[in-house]
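Q: I would like to learn how to read this structure. Can you take me through it feature by feature?
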2 protein chains.
Amino acid sequence: MCPPALIPYKPKNPKTRLASLLSEEERERFAAAMLEDVKAAVKDALCSPVLICTELFDSEDVQVTITDADLNGSLNAILPQSLGPALIIMADLPLADTASVRRVIGTDKDIALVPGRGGGTNAIFMKDPPKFHVDYYGASFLKHKKIAEDAGLSVDVIDSFRLHTDIDEEDDLVELLIHGTGKSRAYLEELGFVVETDAGTGRVRAVRKR
Amino acid sequence: MCPPALIPYKPKNPKTRLASLLSEEERERFAAAMLEDVKAAVKDALCSPVLICTELFDSEDVQVTITDADLNGSLNAILPQSLGPALIIMADLPLADTASVRRVIGTDKDIALVPGRGGGTNAIFMKDPPKFHVDYYGASFLKHKKIAEDAGLSVDVIDSFRLHTDIDEEDDLVELLIHGTGKSRAYLEELGFVVETDAGTGRVRAVRKR
């Protein structure tokens, strides 16, 4: 089995919630490094990465470019044409590893949903994609669960913090510094980020030292 | 196998980071409801809950009361006396379920560590507790990994968002409302908490309606 791993990706001005810590160019390089980590994990799990972009992106990856649609529109144009199982996985999951991706695509249910922090959906594996459609934004996990159930599809919820942890804002960076092993962690370290413990509260955060 | 599940618990004035949303009495009832959820999960996984408290607490649970020690001191007084495997699990993990606890105690390594959000350690399973000691606060996950490795113990890191999600602050409550199934979710709903999606940002949070 070698299903496509559809990875929505925004090459220009990504991760704006990190703008107070990273310049636009740094955010673009950081997003690209996270994408590399996700691609490495899905490839090791024997999926074929396919980038879903709103503009052409300079890479050797297979790309589907849909310029006039949002995330939902893009994916919902692709799913009905899928002939076999497919994975959708977000590009900002640099803690993804082979084992966690394998648990997703190895489900014995019709659909596997991976919840993201804050009600989101970080990955979806569909054995028969034309029977499903996506509805991202807001509490998408609950929406996706209902869409699957309404379509009579059995649902597996994958219990993984590695796939739950999307890197969106400052508080998330420390997760990557502690649990990451790939290119995006290395890039954060290259930029001077370290893990620091507040002596008073004992709380841990990522601090940029230069 | 029926190992003890040591659960540190603070019955008085717990969860102060939720003080802007919940009164002291509500925080005490909420913490007690979360404890019930954790106890249900560990019991279903065939562990025996043992509460580790700094003061006597009105319950029918087995309790170890250590009044003059902090969390580390309390646990490090108990571990050397343990004759068989033991689990330490935090009381603020209401998303814990039987499957996730089973993955922890079913490890084939000497120690299983469950990372918590922000560098913490939410659960530790030790096959031979006298060989280990705990060092909570700060980036305890990294400290515990090092303690195990220095003691020559093999380490398993359990990849579970259900056990990763400790309920400490406002942003965490929405996780419980979305993924919880037990008493603490019911108590939040009883208090009037609902999931709300910000129309502008699409971000989801828990809002108290009354």
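Q: Which helix holds Val101(A)?
A: A helix here is a DSSP run of H or I with at least four residues; a strand is a run of E with at least two; both are numbered from the N terminus. Val101(A) sits in helix 3 of chain A, residues 98–105. The model is predicted: local features need pLDDT of at least 70, side-chain atom pairs count only at pLDDT 80 or more, and totals for chains, interfaces and linings use all residues. Residues are numbered from 1 along each chain as its sequence is written, chains are lettered from A and ligands numbered from 1 in written order, and side-chain values use heavy atoms, without hydrogens and water.

Q: Is Val101(A) buried or exposed?
A: Buried means under 20% relative accessible area, exposed over 50%, partly exposed in between (1.4 Å probe, protein chains only). Val101(A) has a relative accessible area of 1%, so Val101(A) is buried.

Q: What does Val101(A) touch?
A: Contact means heavy atoms within 4.5 Å. Setting aside residues up to four places away in sequence, Val101(A) touches Ala41(A), Val42(A), Ala45(A), Leu87(A), Ile89(A) and Leu163(A). Leu87(A) has its own list of contacts, including Pro4(A), Cys47(A) and Phe125(A).

Q: Which residues have the most contacts inside the largest nonpolar core?
A: A nonpolar core is a set of buried Ala, Val, Leu, Ile, Met, Phe, Trp, Tyr and Cys residues joined through side-chain atoms within 4.5 Å. The largest one has 141 residues. Leu87(A), Ile89(A), Leu87(B) and Ile89(B) have the most contacts inside it.

Q: How many residues of chain A are in contact with chain B?
A: On chain A, 30 residues are in contact with 30 residues of chain B. Buried area is the accessible area (1.4 Å probe) that two parts lose on being put together, summed over both. Here that is about 2,400 Å², 53% of it on carbon and sulfur atoms. Arg117(A), Asp159(A) and Phe161(A) supply 27% of the area that chain A buries against chain B, more than any other three residues.

Q: How many salt bridges cross the interface of chain A and chain B?
A: A salt bridge is a side-chain nitrogen of Lys or Arg within 4 Å of a carboxyl oxygen of Asp or Glu. The rule finds six across this interface. Asp172(A) forms a salt bridge with Arg117(B), with the closest N and O atoms 2.9 Å apart. Helix 6 of chain A gives the most to the side that touches chain B, with six residues.
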